[in-house]
Amino acid sequence: MDILLQQIVSGLATGGIYGSVALALVMIYEATDIVNFAQGQMAVVSTYIAWSLLNAGVPYWAAFVATLAVSFVGGLLLERIVIRPVEGAPVLTVVIVCIGLLVIFNSALGWVYSYIQKPFPSPFPDRPLRVGNVYFGAHDIGALAVTILVLIALYCFFQFTTLGLAMRAAAQNPTSSRLCGIRVGWMLAIGWGLASLIGAVAGMMVAPIVTLDPNMMAGILIYAFASATLGGFTSPGGAVLGGLIVGVIENLVGTYVHFIGTELKLTVALAMILIVLLVRPSGLFGRTAVHRV
Amino acid sequence: MAPLLEVRGLEAQYGWTKVLHGLTFSVEEGGITTILGANGAGKTTTLRAVCGMVRTRGEVTFDGRPIAGRATEDLVRLGIAHVPEGRGTFVNLTVEENLRLGAYARGGAGLGDDMARVFQYFPVLMERRRQTAGTLSGGEQQMLAVARGLMARPRLLLLDEPSLGLAPLVVREIFRIVRTINREQRVSVLLVEQNASLALRLASHAYLIETGRVVMSGPAAELRENETVRRAYLGY
């Protein structure tokens, strides 16, 4: 029972990270119909920025905030410079551009930082938290809390600010948004900035668990795809919830189904993508897309 | 008095297909002007061309300033609110959010007052303010579209076929409100319509276009009496 509880909490912690990356994917997909395959790799870049700052002696939370700021601006510039020219291009073009970004970032990181794994510090204490007879990893709890805080902040931004409203409008109906005076192009760029920021949080929270290397996010991106598919690629809330579900299932299956263990965990994610696509392609909370021909 | 909107030799094309062939018309300050025409005559394209939503050539001046080639996003800041064909409602957002977006370009000063004023004209929107726009009836959505346009405090309101797909009673109600708004708020209106009889009763000045050209123009009362217009567009 205690082990089950521990595994669920640690599943929620990693699930929150999958959910965050899934949310970043969904945000961009909703606004531009682009599936950003470079999302995970962008998060690794952010994490390396944080690592460099920490190595230079910057205190953790200062480095954390600075990384978020740099990631936001970086995501925004990426949209303006790289994605904008292929806006409206055929899907394959955009996919190739995103994969190209992935490869470029990956190689650049390997070149600058080498492919050797680097330990990444956690801002939370090493000592586990004890609740009754159950011990929880402090980083698990902390990461979950940080993820939840970021999600709440995002929700409030989109729900209660004029800019958030304008961004939702631009994603939904670009033509009407322009007629209202909304600069749709900039809204999309800000969306990329926010997605990049969310990825940065996910990267910094997951790095202490998996250690930092240029391929750190490769597996996590697949979990994020599983999360987004499960929750529905058109539902931000669904993507987050999907992430939590995937995280918990992954952990429980890894613990209790012995032939899967840690080696075959990723297969679970792929199997989940397959099952969801077969049984309920729009995901748990997604809309079914209807196209007029 | 110089016209508020003046359009000269307006041409527009989609891809290789030219849709407008040198349209010339104007909208008087404070008046209601209508452009009539059958399906495919270029009515919607005319409004889209004025708002820079389609590739165009020709002169467009608003309040004495040339605006041809300006970005669509800028026009609402100059005082032109375009209520597009098919209403352009943000269906997943609430009525209130739709109205807030209408005031977006102004920076939202006096938002509460404007919303209260808009609710006076469209009381039903007040009742439905927390509902998502997609749950409204067609007529209510059209009202919301007009209301959203008003939230920008425009000097010129462009209405693209507000009667489309609505019951006659609802259409009459909406036209009545447009007239009131025109009088009370001193908002000039350019109305594009297929429903010629209603439009000619509302407007002071009318243009008739066929395949992208103005074929007739004059005071609305005159066009209403015109034999050709009566046969072809009024149907009696």
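Mentor: Strands here are DSSP runs of E with at least two residues, helices are DSSP runs of H or I with at least four residues, and both are numbered from the N terminus. This is a predicted model, in which local features need pLDDT of at least 70, side-chain atom pairs count only at pLDDT 80 or more, and totals for chains, interfaces and linings use all residues. Residues are numbered from 1 along each chain as its sequence is written, while chains are lettered from A and ligands numbered from 1 in the order in which they are written.

Trainee: How many bridges join β1 to β4 in chain B?
Mentor: Strand β1 (residues 5–14) and strand β4 (residues 55–62) of chain B run antiparallel and are joined by 7 bridges. Two strands pair if DSSP finds at least two bridges between them. Leu5(B) has Phe62(B) as its bridge partner in β4(B).

Trainee: And what is the order of the strands in the sheet?
Mentor: The order is β2-β1-β4-β5 in chain B, an open sheet of 4 strands with antiparallel pairing. At its edges are β2 (17–27) and β5 of chain B, each of which pairs on one side only.

Trainee: Now the helices. At what angle do α2 and α8 of chain A pack?
Mentor: Helix α2 (residues 39–55) and helix α8 (residues 184–210) of chain A pack at about 65 degrees, with their axes 8 Å apart. Axes are lines fitted to C-alpha atoms, for helices over the stretch in contact, and angles run from 0 to 180 degrees between N-to-C directions.

Trainee: What classes of residue make up that contact?
Mentor: The contact of α2(A) with α8(A) has 9 nonpolar, 6 polar and no charged residues. Ala, Val, Leu, Ile, Met, Phe, Trp, Tyr, Cys and Pro count as nonpolar, Asp, Glu, Lys and Arg as charged, and the others, Gly among them, as polar.

Trainee: Lastly, how many residues of chain B are in contact with chain A?
Mentor: Chain B has 18 residues in contact with 15 residues of chain A, where contact requires C-beta atoms, placed from the backbone, within 7 Å.

Methods. Contact = placed C-beta atoms within 7 Å.
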